[in-house]
Amino acid sequence: MKVTITLLVVLALANAGMVQKFPLTYGGKRSIMNIMVEVENKIKAHSPLDTIKGSPQNKEHTMKSMELKRLNAKAKLLTEELKLKMLLAHSKSPMVILKTSNILLKKTQATIGETENILNTVSLHIGLINDARKEDTQSYNRGAVTFNDAINAIDDSLDLAAALAKGKASLIQVADMTTKLMKSSVATKMNKAFMAPLAALAQITQEDDAAGAAERLAQLLQTLRTNVEEAWASYTAENTNALALFTQQKDLYLASQARLDASKGRLSNKAENLQGVISVQTAVAQAASNKKQRNQTLWDDAADLCHSFDVEYQAVTAGRRQELVLVQELERLAERRAAEQQ
């Protein structure tokens, strides 16, 4: 009997050490020592052992409660795993948006560069046609002065012809007028038109009929004046057409420049918006990454805790089963001892 009691005490102490190693809280549990004291008291008082008999059922209930807690813990871990997977899936969205925005930003910036190149080309063309028009205007102004000087020279020659008809002109005046007409001929590039009046003016002093020669010179000069006026009118018309063409081309270039400027502005706004999206999505992605890392840490900790719980549960469950065997043995010995004392 003493050996049995000693064995029970040793097993109880071993079980107590195991409980201390895996400290878990279980409701309604009782130690072996308490049960032994309770049995001794029941035997001395000749009381029934029903409450002690209920101890194994209490232990089974305790183990079922432990199993339920373990299942609940696993369910919680599975829920956290699902949340983590959902977070990982959600964290991919900012990365996709960020990658797409970077691609669009590069394309937009490239388009802005091409637009700026076209704008520079258009501006260059506008500068070239402005310079060309400036030169044409200056050339027209010089031509206008040339034609005006030619007409003035012709008018002076008509006055000289009238003076010659009256015999009031000198050879020096004739020579000066010849020089003016020759200069006008070269300036207006109308040599053929000036040829007949110049020849008549050169021979007028050698004519016997001065009045008749002067009249023929006047007719030639009048015809020359008409030709010069027509040439000037034609030159003015060409200049007007050139000016209209210049205005049309310039308007087209300016319209293209305005459209390109507007396009560049829209592209710049788009680039700024994309940069804003990139900044926001970078922050979102970083936050998601931080949250992912935090949840991964929580997941790892929860997995470690679950493993520790399983280890402790198995150890304590083994101890409770040993306790159940000891309680059953104690019950048998107590009944046997009670029977012997009767």
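Colour the chain by pLDDT, the predictor's confidence in each residue, from 0 to 100: the protein averages 76, and 71% of the residues score at least 70. Select residues 1–30, where the pLDDT is below 50, and where the model has 41 contacts beyond near neighbours in sequence, a contact being heavy atoms within 4.5 Å. Then select residues 52–61, over which pLDDT stays under 50 and for which the model has 19 contacts beyond four places in sequence.

This is a predicted model, in which local features need pLDDT of at least 70 and side-chain atom pairs count only at pLDDT 80 or more, while totals for chains, interfaces and linings use all residues. Residues are numbered from 1 along each chain as its sequence is written, and side-chain values use heavy atoms, with hydrogens and water left out.

**The whole chain**

Switch to a cartoon view, in which the secondary structure comes to six helices and zero strands; helices (H or I, at least four residues) and strands (E, at least two) are DSSP runs, numbered from the N terminus. Of the 342 residues of the protein, 28% count as buried, where buried means under 20% relative accessible area, exposed over 50%, and partly exposed in between (1.4 Å probe, protein chains only). Among contacts with a separation of 6 or more, 83% are accounted for by residues 24 or more positions apart. If you display the surface, its accessible area comes to about 21700 Å², of which 58% belongs to carbon and sulfur atoms, as given by the Shrake-Rupley method with a 1.4 Å probe, where for residues only the protein chains shown count as cover.

**From the loop into α5**

Select Lys189, which is found in the loop between α4 (171–188) and α5. Lys189 has a positive phi of about 55° although it is not a glycine, and, with a relative accessible area of 75%, this residue is exposed.

Move on to helix α5 (residues 191–203), whose 13 residues should span 18 Å at 1.5 Å a residue, which agrees with the 18 Å between its end C-alpha atoms; the expected span is 1.5 Å times one less than the number of residues. Show the side chains of Phe194, Pro197, Leu198 and Leu201, which are buried in α5.

**Salt bridges between helices**

A search of the whole structure finds four salt bridges, each a side-chain nitrogen of Lys or Arg within 4 Å of a carboxyl oxygen of Asp or Glu. Select Lys264 and Glu116, which form one of them, with the closest N and O atoms 3.3 Å apart. This pair links distant parts of the chain, since Lys264 lies in helix α6 (residues 210–341) and Glu116 in helix α3 (residues 50–165), 148 residues apart. Lys264 counts as partly exposed at 27% relative accessibility, and Glu116 also counts as partly exposed, at 31%.

Next select Asp155 and Arg225, whose side chains meet in a salt bridge (2.6 Å, N to O). Here too distant parts of the chain are linked, with Asp155 in helix α3 and Arg225 in helix α6, 70 residues apart; Asp155, at 24% relative accessibility, counts as partly exposed.

Because Glu229 and Arg225 are four residues apart in helix α6, they are separated by about one helical turn. With all three residues on display, the tour ends at one network, in which salt bridges that share partners join Asp155, Arg225 and Glu229.
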